[in-house]
Amino acid sequence: MSFSDKSKFLALLLSMMFEKYEKMCIFAFTKLNIQRKKMKRGLVLEGGAMRGLFTSGIIDVMMHAGIEPDGLIGVSAGAAFGCNYKSRQPGRAIRYNKMFARDRRYCSWWSWLRTGDLYNAEFGYHIIPKQFDIFDDKSFEANPMEFYVVCTNVETGEAVYKKLEESNELTYDWIRASASMPLASKVVELEGYKVLDGGVADSIPLEFFEHLGYERNLVILTQPEGYVKEHNRLMPLMRLALHQYPQMIEALDKRHLMYNQQLEYVRQAEREGRCLVIRPERKLPIGHISHDPEEMQHVYDLGVETGHQYLADIKRFFCSP
């Protein structure tokens, strides 16, 4: 074989090797892109009654920034306020809470004595979203983001995870059930279940969402770092009010243990880079109930401020491979 022939053969061999390498690279990058597309991004919102306005401030910043998680799971106030993410309505939660802060039809002992619900079920979850601050049913259903609420089955003491895709009266009631605090609310009967506040059985459902395939989760808490939940001092009243539901009483009695274990699970996931956690810097200056619009606005503004502080981190966390 002449030198010229050898050169041609070598050039042909190198060309074939390069072509094969190029195909391997294309395959590898394609596979990586598919993996990135399949990586589900979740938003986990714990409850906390009016502390949830802090969460509302953060998620409103996220909505304005165009951040769209693949799924959201909310507990109690996390469900009641988080539904506005799926309906694409930033500002709605703080707006109607301030509007009806001193209206006894919304939240009052008058409502509790008349209906058994401190937060009036009919007015708060059906009249307001249909007549006063309209909930965008069409946008809720059009948004592909998966939306789950967590309730507690009072007959078993276990969590009920409900995926809500349609926006109708039944959906409103599932959201209400998730936020129906024991003692402050009647047991809610829905689709064969008897349920109350989801925070009793699963306060921070990060582990559940991970089991659904959500690999990158933003967890928004409403208590500062170092918070430790103590045993419920109202257990004697709980036992009296819910005496016909022994499994629920047991879940309530052990809730502080469950919650503190979940906090440790979240910390471990945070250390491993599986989740990004946002917490208030200090105890939020609001109770479970508030009738003060300025107090509500202040807590919401703290959330907005925190949302802006974390915005770059959220984008980086959700977009990184």
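User: At what angle do the axes of helix H4 and helix H13 cross in this predicted model?
Analyst: The model is predicted, so local features need pLDDT of at least 70 and side-chain atom pairs count only at pLDDT 80 or more, while totals for chains, interfaces and linings use all residues. Residues are numbered from 1 along each chain as its sequence is written, and side-chain values use heavy atoms, with hydrogens and water left out. Helices (H or I, at least four residues) and strands (E, at least two) are DSSP runs numbered from the N terminus, and axes are lines fitted to C-alpha atoms, for helices over the stretch in contact, with angles from 0 to 180 degrees between N-to-C directions. The axes of H4 (residues 92–99) and H13 (residues 293–319) come within 9 Å and cross at roughly 165°.

User: Which residues of H13 does H4 meet?
Analyst: Contact means heavy atoms within 4.5 Å. From H4, the residues involved are Ile 94, Asn 97 and Lys 98. Their partners in H13 are Pro 293, Met 296, Gln 297 and Tyr 300.

User: How many residues of H2 are buried?
Analyst: Buried means under 20% relative accessible area, exposed over 50% and partly exposed in between (1.4 Å probe, protein chains only). The cover over the buried residues of H2 includes strand S1 (40–45), helix H3 (77–86), H4, strand S7 (214–220), strand S8 (275–278) and H13. Among the buried residues are Phe 54, Asp 60 and Met 63. H2 is mostly covered, the buried count being twelve of its 13 residues.

User: How far apart are the end C-alpha atoms of H2?
Analyst: The expected span of a helix is 1.5 Å times one less than its number of residues. For the 13 residues of H2 (residues 52–64) the span should be 18 Å, which agrees with the end C-alpha atoms, 18 Å apart.

User: How are H2 and H13 oriented to each other?
Analyst: Angles under 35 degrees count as roughly parallel, over 145 as roughly antiparallel, 65 to 115 as roughly perpendicular and the rest as oblique. H2 and H13 pack at an angle of about 45°, with axes 6 Å apart. The two helices are therefore oblique.

User: What percentage of the chain is made up of buried residues?
Analyst: The chain has 13 helices and eight strands. Among its contacts with a separation of 6 or more, residues 24 or more positions apart account for 75%. Of the 321 residues in the chain, the buried ones make up 51%.
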